Amino acid sequence: MSTPTNLSLNKLYSGKVRDLYEVDGQRMLMVASDRLSAFDVILAEPIPDKGKILTAISNFWFDKFSTLVPNHFTGDRVEDVVPAAELPLVEGRAVVAKRLKPVAVEAIVRGYLAGSGWKEYQKSGTVCGIALPAGLKEASKLPEPIFTPSTKAAVGDHDENISFEECEAIIGKELAAQVRDTSIALYRAAVEYAATRGIIIADTKFEFGKIDGELILIDEVLTPDSSRFWPLDEYEPGRGQHAFDKQYVRDYLETLDWDKAPPGPELPAEIIEKSQARYLEAYQRLTGTEL
């Protein structure tokens with residue numbers, strides 16, 4: 001199943017991966033589908049059970065971070081807001097969340113040199129305009145984590161990296177500083193924990209909202225869709241890393257003659273199976289439990 005359908009709740013929004021349904025004026029149902037987005041394009045083939053894995057990983061981190069920053073959970077159970085006949089459509093992949101106004105930027109924290117950051121560094125010695133020391137290799141650990149916000153694009157459009165000054169212009173100086181500082185604190189805490197589970201978190205994306213002036217952690221947290229996870233015991237700067245995240249799919253897509261515009265190319269069965277296995281391994285390593 002790639003996406004829940006035919007829920008009797010009013011659908012508010014359908015994103016690259018998640019669908020939002022109205023519960024009432026204060027609450028919504030957030031459902032993680034099995035859809036896979038790469039280079040901001042939704043691919044035709046889903047990754048089986050991906051939505052359940054992402055939801056379980058996010059819930060794990062939301063719980064771990066609950067003393068650091070408030071989150072979007074209402075405390076309500078999914079079975080209390082979804083009709084019994086429709087529960088199989090969302091089982092394990094849904095949460096009841098607060099309806100709030102999202103902060104209009106994506107909060108990205110990078111601790112290692114990878115992806116688009118590595119490409120930019122090779123050209124200019126910077127990442128998102130931030131100057132870095134000379135002589136770094138691909139996958140090098142940065143001296144300190146850096147905050148590199150981006151725009152929050154509509155479905156089908158590409159997110160764009162922006163400077164911190166542009167972030168301030170969009171959401172205001174005070175909120176920009178709060179988002180930056182909170183994101184880096186969460187990243188540091190996650191990196192410290194993940195290292196005990198044999199995982200390097202190279203970078204990640206957080207999303208926030210606000211209720212009555214309070215910053216709230218929302219959407220997903222430190223999943224293989226929003227982060228780069230590398231096995232600690234295989235880490236070696238100077239090359240691309242084995243990844244537990246969708247970088248495996250990105251790497252395959254980079255071998256194709258595709259302009260990164262919709263529609264996306266079809267994924268071979270082997271790529272789908274290995275991608276699912278990586279998502280599952282990330283969950284099992286991080287939580288120490290079977291899904």
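Me: What places P263 in a loop?
Reply: P263 lies between α6 (247-254) and α7 (269-287). Helices are DSSP runs of H or I with at least four residues, strands are E runs of at least two, and both are numbered from the N terminus. A cis peptide bond joins P262 and P263, with omega about -5 degrees. This is a predicted model: local features need pLDDT of at least 70, side-chain atom pairs count only at pLDDT 80 or more, and totals for chains, interfaces and linings use all residues. Residues are numbered from 1 along each chain as its sequence is written, and side-chain values use heavy atoms, without hydrogens and water.

Me: Why is D40 called buried?
Reply: Buried means under 20% relative accessible area, exposed over 50%, partly exposed in between (1.4 Å probe, protein chains only). D40 has 18% relative accessibility, so it counts as buried. D40 sits in the loop between β4 (37-38) and β5 (41-42). Its phi is positive, about 65 degrees, although D40 is not a glycine.

Me: Why does D212 count as exposed?
Reply: D212 has 82% relative accessibility, so it counts as exposed. Its loop runs between β13 (199-211) and β14 (214-218).

Me: What makes a set of residues a nonpolar core?
Reply: The members are buried Ala, Val, Leu, Ile, Met, Phe, Trp, Tyr and Cys residues, joined through side-chain atoms within 4.5 Å. The largest such core here has 61 residues; W61 and V179 are among those touching the most other members. Helix α5 (residues 173-196) gives the largest share, 9 residues. A second, separate core of 11 residues includes Y21 and L29.
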